Amino acid sequence: MHILQVDCEVHYLGRGETWLPRGVRLLMIKSDGSVSIHRDQGMQPLNYMSKTSDMHDTVYDDGTRHMVFAHGGESLDVTVHEVIFEQHLDGFGEAGLERHGTEAQLQEWLATNGNLERVMGDGTRFVCREYETGKGPVDILGDLDGRVTLVEVKRYAKRSDTFQLLRYREALRERCEDARAFGETRLASLARRNDVTLTVEGAADPVLVLVAERFAAGACEECERLGIGWRRVRRSDWR
């Protein structure tokens with residue numbers, strides 16, 4: 001990596017055409033060929049190129065330095081009037097970002113080691129994750145004494161999240177109506193999942209539950225108004 005603090009002007013040509021007037025900025029040239037120009041505030045670069053295939057760095061007699069980065073039809077021309085700071089750094093070889101405490105991890109925790117039953121109550125068995133209802137996949141599908149349980153998992157649940165569960169229930173009811181019309185007693189998509197067999201009758205009126213680490217103001221009240229169960233799971237319990 002090559003880092004420079006420079007007094008410069010910048011001309012970009014490619015996706016459009018832009019000019020940056022003379023000013024002090026930070027120029028970063030990374031080992032993968034990407035180039036970005038930053039000011040001393042904010043996160044977004046003033047200008048950048050995600051890839052470069054050609055680079056020319058020329059110093060003229062008057063001390064002016066001209067750096068040109070190009071790739072395809074793009075070019076970034078940096079005219080440097082003064083180099084205030086310059087340093088080359090070895091590659092870091094950094095591992096990718098590891099995320100902790102995500103909704104997917106909470107889903108996985110609920111799906112293993114009987115945790116769904118601990119949160120939902122005795123008799124609730126895990127059936128599968130990401131079950132496609134026909135109007136989107138519900139996070140967790142469970143069984144409570146033969147009755148389908150639809151569980152939506154959030155880190156931070158809002159009142160609007162209740163509508164997801166209502167939409168999934170509507171979709172499941174439509175599937176059940178179609179199955180009854182053909183004389184079927186079981187939904188083919190629910191047959192024998194994790195040693196659980198769910199019937200059309202058990203899926204026609206599913207239990208709806210919103211599980212979250214935190215609930216926004218009014219979210220729990222909205223659940224109760226709509227007949228949706230809610231459960232709060234503390235971070236210390238599932239991490």
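Seven bridges join strand 8 to strand 9 (residues 137-144), and the two run antiparallel. Strands here are DSSP runs of E with at least two residues, helices are runs of H or I with at least four, and both are numbered from the N terminus. This is a predicted model, in which local features need pLDDT of at least 70, side-chain atom pairs count only at pLDDT 80 or more, and totals for chains, interfaces and linings use all residues. Residues are numbered from 1 along each chain as its sequence is written, and side-chain values use heavy atoms, without hydrogens and water.

**Sheet**
- Thr124 stands opposite Leu144 in strand 9.
- The open sheet has five strands in the order 8-9-10-11-12, with mixed pairing (two strands pair if DSSP finds at least two bridges between them).
- Strand 8 (124-132) and strand 12 (229-232) stand at the edges; each has a single partner strand, so one side of each lacks a neighbour in the sheet.
- Neighbouring strands are turned by 30° against each other on average, direction ignored (axes are lines fitted to C-alpha atoms, for helices over the stretch in contact; angles run from 0 to 180 degrees between N-to-C directions).

**Helices on the sheet**
- Helix 3 (residues 162-181) packs on the sheet and touches strand 8, strand 9, strand 10 (147-157) and strand 11 (207-215) (contact means heavy atoms within 4.5 Å).
- The direction of helix 3 makes about 160° with that of strand 10.
- Helix 5 (residues 219-226) also packs on the sheet, touching strand 10, strand 11 and strand 12.
- The direction of helix 5 makes about 150° with that of strand 12.

**Strand 7**
- Ile84 lies in strand 7 (residues 74-88).
- Ile84 is partly exposed, with a relative accessible area of 42% (buried is under 20%, exposed over 50%, partly exposed in between; 1.4 Å probe, protein chains only).
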